[in-house]
Amino acid sequence: MNITLTAINARYVHTNLAVRYLNTRLKNSFEVSVVEYTINHDYQEILRELYLSGADVVAFSCYIWNIEIVIKIVNSLKKIKPEMQIILGGPEVTYDAQQIMKSCDAIDFIITGEGVEEIFELADALANDKDYTNIPGINYRIRGRVHSNPHEQCSTSALLELSAYEYEPNMEHDKIYYCETSRGCPFSCQFCLSGNDSGVVFFPLEKVFKELNIFLEAQVKQVKLVDRTFNADPNRAMKLWQFLKEHDNGVTNFHFEISSRLLTEEMLVFLETVPPGLFQFEIGIQTTCKQSLKAIGRSQEQEREFSVIQRLIRSSNIHIHVDLIAGLPYEDFFRFRESFDQVFHLQADMLQLGFLKLIKGSGLRNKILDYGYVYQSHPPYEVLESHVVSYGEIIQLKQVEEVLERYWNHGHYRETIRLTLDISKKSPFSYFGGLALEWKKAGGWHRQIGQAEQFDILRRYLHQTIDDDYKFIDHALLYDCALAGYRGKLPDEIHETMAPINKELIHELLHHVCFREKYFPDMKQMPSKKYLPFVKLFSLPAHLIIENGHLKIAVYDNSTMVETKKDWLMIYPRNRTSRNQHIPVVNVEEELEVCGVWKEGTI
């Protein structure tokens, strides 16, 4: 019997972990193929390929992002190939399987729960004409009537020894691969499916080390650990982190969802030693409103959590991603602004402003009336209103989320924002709220805005907001553009504010062996022109200084804005695909002095 396991991912770079588990379980007994598409694929293309696959059984992995296109495909597939058996599984069909089967008669089976052993038993029954009506966790039809067998609540035993990547062909470098070292969560957050878990089941370390080695040997770009709380067992987490540090290939980045309050002092000291770019942490803060935290079943003691996050950020070797959720119980628009301001002041690498989704199986979905929730009746079931937040206020938050994502999270204007936020005396929410209004004025909600126009919108907003000479704003913007490697056209008036660069000093520095050995050890014998693609020369007024890559104002005096200046050199990574994209920024005169060839007035 031929089985096609089908994944429809949210983006091209994503991969599906579930179909890989199923493939490993089924491969030795059946003819199995794995196919992956995205929600942006043409529906007709997916339908055509599945029809021509020759499969007897087609199984789909279902989530909130793909269920609508899956239902569309199976409805057509059953019409043109009625003998094909269609199986659905995954979180989006687990909690109302009967209702889904009644509304879509093209579905032959829905498997709820983990599904690994269940799909094997079902496939065996279909291939050998056996009775499948007693298999746990399956929903099936007999003479048009839907029947359901309950699934086992804790059936992770089948996964303990199973490797999702045992039959993985050549891995693609630019894809994101997923891995798990445990199932379940120690917490009971009411907005999350894992809030229903009765505990955590940990996979054998030997199995986990084996899978991590597969990724390291393949040198994939990123691996996301999907454990709900990776450091639920601190000792175990330390062993895995130490393994990854010892076997670091210099390429692969590992993303973890962690709890900051479970990080011990030993872990924090160790994490300060990991190579830059090896780890990426996602930390769900969600809100700072204590009443909301209590309603969703989360810890209300955030002082230590914030202290730990700040310590991680200061180390600057781990990308820190923090989450906020708008629409939680009891947090109105103005209280959410407080949460935003408090979390933004942490200065994490990314602040994801998400919106509450009442997903199937979550605790909050069962309390819709308690909190006056109005939400989308279709995936992703996002909240539109609550007992304390109106839809108009949700719209305002969406607008702030848009500019936050483009200007802060993408990292293109971070130094400008840091500098001007401080000078403007605005709160972070007010700052981004004002930028959102400027974005709206430019028509940003109705059309695509390119990078050059994004630059113009921010510049215009800052000129209107900062009640001072605008020249330092332009210098800050140019500095951010240089950091981001921006090569687009900039307004002519910006170039008019720039002081000329002392090319003689630059020439002297690029020729000096001390500088070459420090920043270009593998290129020190090459002629100076070979360095030019990897350096950016620029000038700043003397009152703007750079410390550890950050722009700061030393002496704010408009009279010396351009007249007194310093020359700087930005040094780009020679491998633009490298995991560590740290860009040193050095003062030319100071570097020459270090090299022992410059004293004031000698050149």
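Let me start with a term: two strands pair if DSSP finds at least two bridges between them. Strands themselves are DSSP runs of E with at least two residues, helices are runs of H or I with at least four, and both are numbered from the N terminus. With that in hand, strand β11 (residues 222-225) and strand β12 (residues 253-258) pair in the parallel sense over three bridges. Q222 has N253 of β12 as its bridge partner.

A quick word on where this comes from. The model is predicted, so to speak of local features we need pLDDT of at least 70, and side-chain atom pairs count only at pLDDT 80 or more, while totals for chains, interfaces and linings use all residues. Residues are numbered from 1 along each chain as its sequence is written, and side-chain values use heavy atoms, leaving out hydrogens and water.

Back to that pair of strands. They belong to an open sheet of six, in the order β8-β11-β12-β13-β14-β15, with parallel pairing. β8 (176-179) and β15 (350-355) are the edges, each with a single partner strand, so one side of each has no neighbour in the sheet. From one strand to the next, the twist averages 25 degrees. For angles here, axes are lines fitted to C-alpha atoms, for helices over the stretch in contact, and the values run from 0 to 180 degrees between N-to-C directions. Helix α8 (residues 234-246) packs on this sheet and touches β12 and β13 (279-286), its direction making about 165 degrees with that of β12; contact means heavy atoms within 4.5 Å. Helix α12 (residues 333-344) lies across β13, β14 (319-326) and β15, at about 175 degrees to β14.

In the loop between β14 and α12 you will find Y330. Y330 is not a glycine, yet its phi is positive, about 70 degrees. The cut-offs are under 20% for buried and over 50% for exposed, with partly exposed in between (1.4 Å probe, protein chains only).

Now the other sheet. Seven strands form an open sheet in the order β2-β1-β3-β4-β5-β6-β7, and here the pairing is mixed. β2 (31-38) and β7 (145-148) are its edge strands, each pairing on one side only. Strand β6 (residues 138-142) and β7 run antiparallel, joined by four bridges, and N139 stands opposite S148 in β7. Helix α1 (residues 17-26) packs on the sheet against β1 (2-9), β2 and β3 (57-61), its direction at about 165 degrees to that of β1. The loop between β6 and β7 holds R143, another non-glycine with positive phi, near 50 degrees. R143 is exposed, at a relative accessible area of 81%.

Let me finish with helices. α13 (residues 391-409) has 19 residues and should span 27 Å at 1.5 Å a residue, and its end C-alpha atoms are 25 Å apart, which agrees; the expected span is 1.5 Å times one less than the number of residues. Buried residues in α13 include L397, V400, L404 and W408. Just after α13, G411 takes a positive phi of about 80 degrees.

Finally, helix α14 (residues 414-424) packs with helix α17 (residues 471-484) at about 155 degrees, axes 7 Å apart. That makes α14 roughly antiparallel to α17, a label for angles over 145 degrees. L419 and I423 of α14 are among the contact residues, as are F472 and L483 of α17.

Notes:
Parallel < 35°, antiparallel > 145°, perpendicular 65-115°, else oblique.
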